[in-house]
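Please look over the model shown here.

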Amino acid sequence: MSADVEKLWELQSVMSQLGEREKRMAVKPESFAVVDDEFRTANDEVTRLNESLEQMAKERRKVDGELMEQQELLKKYQGQLMQVKNQQQYAAAWKEIDATRKHVKELEDSSLKSMSEAEGVQKQLDDRKAGHDDLKSRYDKAHDEWQSSLGDLRKEAENLRKQASAIEATLPERLKNEFHKIFRQRGSIAVTRVLNESCSTCRTRVRPALLQQLKRGELVYCEGCHRILYLEKTPS
Ligand SMILES: [Zn+2]
């Protein structure tokens, strides 16, 4: 058991170093952050323009459908006009035709207007697309520069991950899981050193009985913070 606590102590040190590397790797340098921001904004804008084009096309289909109906109706009324028997019927048919023509005209205007609006949006989209390749290559370049600047850090992180796995492979499964659980939940400190007979993290005094257990190499938890206690061997 004593050896296990030693291993946990070592694992924690490796994990802390790994965490520090990962934190440093996650920080975007200013040179990339600027392009990244521009790139995201441009992509959002393209999405927005595409959505509005789609919406416009949908509305236009509706207007065009209505327009066809009204044109059919107009033909029908015009046919009826040929068959009127008297002045009264003629006036009535003519009234229908007039109203329908107006409606057709309105729909045609609305269709034209929405077409020219869609052209405007399409133009914005085309402009965006024309600039996209340049922006994408600036983005890629900045991203590559950032990533290649991380080369050493990456290698270090990779080695630390290997070290952690190697230690974990020698630990009982339950203890390993216990360690990670505490590590996650308690600010990345699962194992805490005993200094002056106290927990060095929460300062809770370690009772003599527990100290004896620790010296025998048993797994002991701090009564204050419930972390695993680690008593460094004094050279004898
Ligand atoms: Zn404690």
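A crossing is left-handed if the near helix is turned anticlockwise from the far one by less than a right angle, and right-handed if clockwise. By that rule, H2 passes H3 in a left-handed crossing. Helices (H or I, at least four residues) and strands (E, at least two) are DSSP runs, numbered from the N terminus.

This is a predicted model: local features need pLDDT of at least 70, side-chain atom pairs count only at pLDDT 80 or more, and totals for chains, interfaces and linings use all residues. Residues are numbered from 1 along each chain as its sequence is written, and side-chain values use heavy atoms, with hydrogens and water left out.

**Helix pair**

H2 spans residues 30-82 and H3 spans residues 87-149. Their axes come within 6 Å and cross at roughly 165 degrees. That makes H2 roughly antiparallel to H3. Axes are lines fitted to C-alpha atoms, for helices over the stretch in contact, and angles run from 0 to 180 degrees between N-to-C directions. Angles over 145 degrees count as roughly antiparallel. The contact of H2 with H3 holds 28 nonpolar, 16 polar and 13 charged residues. Here Ala, Val, Leu, Ile, Met, Phe, Trp, Tyr, Cys and Pro count as nonpolar, Asp, Glu, Lys and Arg as charged, and the others, Gly among them, as polar.

**Zinc site**

Which atoms coordinate the zinc ion? They are the SG atoms of Cys-199, Cys-202, Cys-222 and Cys-225, at 2.2 to 2.4 Å. Donors are N, O and S atoms within 2.8 Å of the metal (3.2 Å for Na, K and Ca); water is not among the atoms, so sites may look incomplete. The donor angles run from 98 to 115 degrees, which makes the arrangement tetrahedral (four donors, all angles between 85 and 135 degrees). The sequence spacing of the donor residues is C-x2-C-x19-C-x2-C. Cys-202 sits in the loop between strand E2 (198-199) and helix H6 (208-215), and Cys-225 in the loop between H6 and strand E3 (228-230), so the pair ties together parts 23 residues apart in sequence.

**Positive phi and accessibility**

Most residues other than glycine have a negative phi. Ser-188 has a positive phi near 60 degrees, and lies in the loop between helix H5 (173-185) and strand E1 (191-195). Asn-196 has a positive phi of about 50 degrees, and lies in the loop between E1 and E2.

In the table, buried means under 20% relative accessible area, exposed over 50%, partly exposed in between (1.4 Å probe, protein chains only).

| Residue | Relative accessibility | Class |
|---|---|---|
| Cys-202 | 29% | partly exposed |
| Cys-225 | 6% | buried |
| Ser-188 | 37% | partly exposed |
| Asn-196 | 70% | exposed |

Terms used:
Parallel < 35°, antiparallel > 145°, perpendicular 65-115°, else oblique. Tetrahedral: all angles 85-135°; square planar, octahedral: opposite > 155°, others 65-115°.
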